[in-house]
Amino acid sequence: MDAKRSKLTFSLILIVGVLTVCPVVMLVIGSFSEGLTAFGSFTLQKYVEAYTDPALAEIILNTVIFVLGSSTLATVLALFLSYLNNRTDIPCKFMFRIISIIPMMIPHILFSVSWALLLNPSNGLINLVLKQAFFLDHAPLNIYSLWGMILVEGLLDLPIAYLIIAPAMASFDVALEESSKVCGASPLRTLFRVTLPVLRPAILAAFILGVVRSLASFAVPSVIGMPGRVYVLATHLYQMIATGFSVDYGKAAAIGMSVLAASVTLILVYRALTSESEKYVTISSRGYRPTVIPLKGARIPLFAVVALLSFVLIVLPVVVLFYTSLVPYSMVPSARAFSLMSWKHWIEVLRDPISLLSLKNSLMLGLGGATLGVILSVFVAYTIVKVRTRAAGILESLSFLSFSFPGIVIGMGFMWFFVRTPLYATIWALLIGYIATYLPYGIRPLASAFIQVHSHLEESSLVCGASRMTTMRRIIIPLLVPGMVSGWILMATMFVRELTLSVVLSRPGTEVLAVQILRFAEDGLWGRLSALGIMMIFISTILVILANLVGARFKPMEGGG
Amino acid sequence: MKRLVVVIAILLCSVLSAQAAELDPAKAKAEGTATFYANITAVEPIMEGFEADTGVKGAYTRISTSKFIATVLTEFEAGKLMADVVQAPLPVLEILKSKGVLASYSSPAAAGYADWTRKDDAIQLFGIEYVGLIYNKELVKAADVPKRYEDLADPKWKDKIVMANPANHATTISWLVGLKETVFASEEEWMSFLKGLAANKPMFVASFGPTPAPVESGEKLIAISMPKYIITKAPAPLDWARVEQPLLGTPRAIAVTSKAPHPNAARLFVDYWLSEKAMGILAKDVGEYVLAPGVYPPIDGMDKATVMPIRDLSDEEIRKWGDQFKAIFDVQ
């Protein structure tokens, strides 16, 4: 490794380390300390209590099923949608691209509640329709179950998987597929023998990010799992820390350490599986342009399938949210419900100064935070993919550190850390905390994009006398635009609806949307909650469209021949 | 000589502390803001009223009960406690008092309150987080509405009840224990009620907040919840079961912090909070059960109900009972 690369790697380890290690160190100290704050005399008691619970085995089994099920669902759906959107001539591509990332913009608690309204066994709308249509006595579906949790979490993780797989799919070199076809392989064989294996890093990245995310997820296990008495690690943690008034986050951190260990192991597995990165390079010195595969007779049926899928899985819950924002209280749709509809909740939200301040703060954090986050991610992804030394491995693991912790715990780690700095209770603490926690959202799509860019391009530029910065700016970054756009969208939409850190770091003047939404949720004000949620989706949609437009401007630079 | 210096120092300190305890509205105005950490919800109308009436801004930060102690103690230990005034369930403030977070303050606005509401020199009780049975009045016939808590154990309520998780929700645990200690005649009766309720397979949610929605929409018919939702969720078809027994709840408490950044504004805020005007807003707009004499939430029949505070349960007791309810209600 040359000196410049080494300097870059160590500078990044320092930056990312400070961002992610500090709160985790505070949690480690807290898990070994007596008392309720981070510092106290040493004890192992919290670990003993946390790991001797007899219910733990069943909870771990539920967690494994939930996590693997939802990540598989998210990855398979993302693969299907991104293949159709990027590689085929399916109609209405732009619309589907937006639809597949809509769950990203909806607060998870709202998305889960919408699905409970649709599929609860008492009066869930879909169940009512099915009961009437098939003359059934009992509701055929029950969302309050493990499969219900997998469905909803899978849909919530779909955008993450989509935004990682889609850029890799978009920059796929068609020559590989053409060679396969020339050799007589059928399109399906080509898909399974050439396309999917080449996309392995992106698919694995999407799957692993899904696993890590669903391990830390709390909204789905609490809104859907708890009423069905299906407990996973997140709700077990909640139960452990929420019993009594003096909540011990150190004990929660003790359990969180196993989640962290599982996440770090997954990252190592991922690195091992993608260690021969040269295999996945598809953009080399030649020009490339992904070709569009004509679906011919399958075009309309596949369009119908995607449209139906999008409608049932994504549009319907959003429609339920919009409906909830218009009715005076939680009501099953009926003539009476429609007659009582009004904009009352919307007006109340728009007249509420804290809601307006939250909108402003969240928009600022989304725009500024995502931009800074993507800039940092470009350098980190470059180091992880192209340098690939032991130090780069450390950097990759560091980038996942605070992200891997269960959400209800990491927020406390950040508070224990920031309270010792002048940044406490400022908007900057939120900004730094967001970037530190959600760094993998920026790094993953960029890393899978970097993997596909051959180092010959970089070397040619250097040989011709360009500096590393010029090479990065003129050669690498333009090729990475789809990855950067994906990373920016993931981070911006995540920051607009971030709750976990915000709820402990937000103070008067630094309120953000998700905290305001949580206030409405705790008051049971679903109408206002839905109205503000729709505003949040609207803001995120605008950000997504803007990012896509900016990305499209750089498009000509991708093509070559 | 040494003794004289000590006596003078003590006298000086007591004069200074007496002065500090006296409220100066001009100083409060100069301080500009009173920062209020609370777990109570929907208090914005009081914050607005406080600013309009006193010229001092009320800044409200909502901190859930589960994060209250960890947040306040972390800030306090780091010398960065931003709260001038804290409000939470009584056991939370008692823990904070034991850690030196609370200051002595006896508000003149609490003069008319019952003696038992003045917990000590720092903590003043102003309300009860009252728990009751709320039901969907369009779907439950008048004859079926429970008249006693025992009626919830009737098999006709199978799969029709929603409640906060009795294995970990502190107020629900305290409420169930409170029923044993103050409502049921014997432990056997109480246990048979618990087993009957558990056999009806209630749906569990994380706290009281999500309990009314399934009742409003008709997904469930009855909730162990808070009658205040009848006000905050109007015009939802909610009513409360006027049981013959008393309603129980955890006392809500308020106090000034010992290192309040705005000590005068803090006391001004507590005075305002405990005033009949502010308590009237809390009862009328939010449906809270307050302890200001003669002030009741506008819920039909609530002025005649007996509402009692639950005995303070220590965290050890809550965990112990939580474990027992976990087994009875078959929570994993």
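**Exercise 1. How many salt bridges does the count between chain A and chain B give?** Find the residues that take part.

*Solution.* Keep in mind that this is a predicted model. Start with the total: the count between the two chains is 1 salt bridge. Next, look for the partners. On chain B you'll find E138(B), which pairs up with R336(A). Now check the distance: the closest N and O atoms are 3.4 Å apart.

**Exercise 2. Describe the interface between chain A and chain B.**

*Solution.* Step one is the residue tally. Chain A brings 54 residues into contact with 60 residues of chain B.

Step two is area. The two chains bury about 5000 Å² between them, and 54% of that is on carbon and sulfur atoms. Over on chain A, the residues losing the most area to chain B are R229(A), F245(A) and Y329(A), which together make up 18% of what that side buries.

Step three is polar contacts. Here the count is 12 residue pairs between chain A and chain B, with both residues at pLDDT 80 or more.

At least two residues each come from α3 (56-87), α12 (233-242), α19 (407-418), α25 (502-505) and α26 (513-522) of chain A. The largest share, 4 residues, belongs to α19(A).

Last, sort the chain A side by residue type: you get 31 nonpolar, 13 polar and 10 charged residues.

**Exercise 3. Work out how α23(A) and α24(A) are arranged, and what sits where they meet.**

*Solution.* Pick out α23 (residues 468-479) and α24 (residues 481-496) in chain A; their axes come within 5 Å and cross at roughly 65°. Angles from 65 to 115 degrees count as roughly perpendicular, and the two helices are therefore roughly perpendicular to each other.

Now zoom in on the contact. From α23(A) come I477(A), P478(A) and L479(A), and they meet V481(A), P482(A) and M484(A) of α24(A). Sorted by type, that's 6 nonpolar residues, with no polar and no charged ones.

**Exercise 4. Locate two backbone details, one in each chain.**

*Solution.* In chain B, go to the peptide bond from A234(B) to P235(B): it is cis, with omega near 10°. P235(B) sits in the loop between α9 (229-232) and β8 (238-240) of chain B.

In chain A, turn to F135(A). This residue isn't a glycine, yet its phi is positive, about 50°. You'll find F135(A) in the loop between α6 (125-134) and α7 (146-170) of chain A.

Methods. Residues are numbered from 1 along each chain as its sequence is written. Chains are lettered from A and ligands numbered from 1 in the order in which they are written. This is a predicted model: local features need pLDDT of at least 70, side-chain atom pairs count only at pLDDT 80 or more; totals for chains, interfaces and linings use all residues. Side-chain values use heavy atoms; hydrogens and water are left out. Contact means heavy atoms within 4.5 Å. Buried area is the accessible area (1.4 Å probe) that two parts lose on being put together, summed over both. A salt bridge is a side-chain nitrogen of Lys or Arg within 4 Å of a carboxyl oxygen of Asp or Glu. A polar contact is a pair of N or O atoms within 3.5 Å; within protein, one must be able to donate a hydrogen and the other to accept it, and residues adjacent in sequence count only if both atoms are side-chain atoms. Ala, Val, Leu, Ile, Met, Phe, Trp, Tyr, Cys and Pro count as nonpolar, Asp, Glu, Lys and Arg as charged, and the others, Gly among them, as polar. Axes are lines fitted to C-alpha atoms, for helices over the stretch in contact, and angles run from 0 to 180 degrees between N-to-C directions. Angles under 35 degrees count as roughly parallel, over 145 as roughly antiparallel, 65 to 115 as roughly perpendicular and the rest as oblique.
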